[in-house]
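I'd like to walk you through one protein, so please have a look at the sequence and the model before I start.

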Amino acid sequence: MPKITTGAAWEQGFRAAIRAGKPGWTVSNVNGRIGLRWRPNDGGKPQSLVLPLEWSKNNQDRAILLVNRIAKAVLTGEQGTLKGALDEAQAGSVTMRKTVEWAAAADGLRTALMTGRNEILPATWKANYQPYIEEALRLLDSDKGITDGHGLLQAVLVKWSGKAPSRAACCIALRNFTDHAIARHHAAACWKIDRTSIKELKGKSPKKRTKATLDDAELLYLINGMERRNPGWANVLRLLALYGLRPIELQHLTAKNREDGSIGLWCSYNKNCGGALTDARWLEPCPLTNEAGEVQQWNLAGALKAGLLELPTGHDGEPRLLNGHYVEQHLRRQPEWKELKTRCEARGEWLRSYSFRDSYSLRCHRHGIEIGAVAHAMGHSVAVHSSSYRWASVATTAAAFERAFADA
């Protein structure tokens with residue numbers, strides 16, 4: 001091996017140390033940074049790159065360690081390029097790890113969630129992500145010695161000790177946050193929050209709440225009260241109750257002729273379910289019956305097609321944006337809704353805007369419609385319907401058995 005005599009004594013020793021341990025590997029001064037070059041002994045194409053280290057005596061040991069890791073990854077075939085090997089080496093080193101712009105990662109996640117994926121609302125970000133990510137950013141900026149995803153989750157959860165629902169939401173928010181940082185902002189793999197960490201740190205799961213269903217009399221009490229104050233919003237509630245809609249589906253309705261010539265409602269909304277989109281579908285009405293036993297005939301599809309279905313408008317006179325957030329917001333101010341909410345809480349049930357959908361499910365099953373048809377009308381699978389929706393109650397169970405043995 002030829003003797004290296006150029007440069008200061010430390011430079012000569014540094015170059016010699018690299019060449020002695022790894023034939024074909026050399027370092028040089030590239031504009032004040034450490035340049036690395038590899039000439040494969042099999043005649044392959046040489047590769048080179050600049051290391052994230054200044055060419056200085058103080059960086060010799062760090063550079064030798066980094067070059068050793070790069071060489072090992074390339075020579076064993078784990079990485080095909082010096083750049084890939086450098087990225088892997090940095091990810092596995094605390095001192096050489098790339099600096100992550102965590103605030104930029106948080107902004108990137110918010111943009112991704114609001115403009116792609118499920119297109120969440122600002123209110124959803126504020127409720128389900130913002131408090132947990134802001135606490136994470138505060139801790140990351142405070143030099144608390146947090147070096148990985150497990151440590152970050154553990155530290156953030158302290159603020160929500162004893163609050164099971166918030167802790168569960170925190171785990172979801174931070175998992176999405178660190179996954180986005182790894183995928184888009186060069187965070188190391190050690191920041192990933194895996195299921196093991198969540199299971200270990202989350203604590204006791206929140207008690208599952210029983211979703212409320214409203215019977216026909218309760219629904220009509222709410223709708224009739226709304227009719228006296230705001231007919232447009234009363235029609236929104238009629239649509240939700242009659243067809244079991246997801247609130248966001250109110251934005252995706254078209255009245256048109258079905259194959260038999262009748263007028264029906266077509267829902268073009270495609271819900272993202274685990275990466276797969278649900279199909280657009282015809283909606284099937286399940287009418288309500290009042291206390292006198294009279295079926296409520298609401299020709300909502302016909303009125304919509306004729307342009308006669310009054311719906312809410314904003315202060316500018318334009319149609320109001322209708323989705324879960326705004327429906328819930330409006331209902332929260334209504335006296336009948338407040339009364340029904342109190343009534344549901346007394347029987348241990350959770351009333352929300354989705355309760356129109358659960359009530360539709362229960363009403364369909366009360367009329368003996370088989371589960372597959374109900375699931376198809378509601379736009380989800382039988383498995384989802386069975387696990388997530390109310391399709392039996394004490395009253396419907398008793399009635400079903402009474403019908404089955406009525407002639408016995």
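**Starting from one arginine**

Let's begin with R343, which is partly exposed, with a relative accessible area of 35%. On that scale, buried means under 20% relative accessible area, exposed means over 50%, and partly exposed is in between, using a 1.4 Å probe and protein chains only. Before I go on, this is a predicted model, where local features need pLDDT of at least 70 and side-chain atom pairs count only at pLDDT 80 or more, while totals for chains, interfaces and linings use all residues. Residues are numbered from 1 along each chain as its sequence is written, and side-chain values use heavy atoms, with hydrogens and water left out.

So, who does R343 pair with? One partner is E339, through a salt bridge whose closest N and O atoms are 3.2 Å apart. A salt bridge here is a side-chain nitrogen of Lys or Arg within 4 Å of a carboxyl oxygen of Asp or Glu. R343 and E339 are four residues apart in helix α14, so about one helical turn separates them. Helices (H or I, at least four residues) and strands (E, at least two) are DSSP runs, numbered from the N terminus. E339 is partly exposed, at 36% relative accessible area.

R343 also meets the side chain of E218 in a salt bridge, again 3.2 Å from N to O. This pair links distant parts of the chain: E218 is in helix α10, R343 is in helix α14, and they are 125 residues apart. Is E218 buried or exposed? It counts as buried, at 7% relative accessibility. Put together with R347 and E349, the residues E218, E339 and R343 are linked in a network of salt bridges. The structure holds 16 salt bridges.

**The core**

Now for the nonpolar side. A nonpolar core is a set of buried Ala, Val, Leu, Ile, Met, Phe, Trp, Tyr and Cys residues joined through side-chain atoms within 4.5 Å. The largest one has 38 residues, and L239, Y243 and F356 have the most contacts inside it. Which helix gives the largest share? That is α11, with nine residues. Leaving out residues up to four places away in sequence, L239 touches several leucines, including L245, L250 and L265. Touching, or contact, means heavy atoms within 4.5 Å. There is also a second, separate core of 33 residues, and Y132 and F177 are among them.

Strands pair if DSSP finds at least two bridges between them. Five bridges join β5 to β6, and A255 stands opposite L265 in β6.

What about disulfides, meaning pairs of cysteine sulfur atoms within 2.5 Å? The count comes to zero. C267 is buried at 0% relative accessibility, and C344 is buried at 1%.

Finally, look at N31, in the loop between β1 (25-30) and β2 (33-38). Its phi is near 55 degrees, a positive value in a residue other than glycine. N31 is exposed, with a relative accessible area of 79%.

For the overall picture, the protein has 18 helices and ten strands, and buried residues make up 40% of its 408 residues. That's me done, thanks!

How values were computed. Disulfide = S-S within 2.5 Å.
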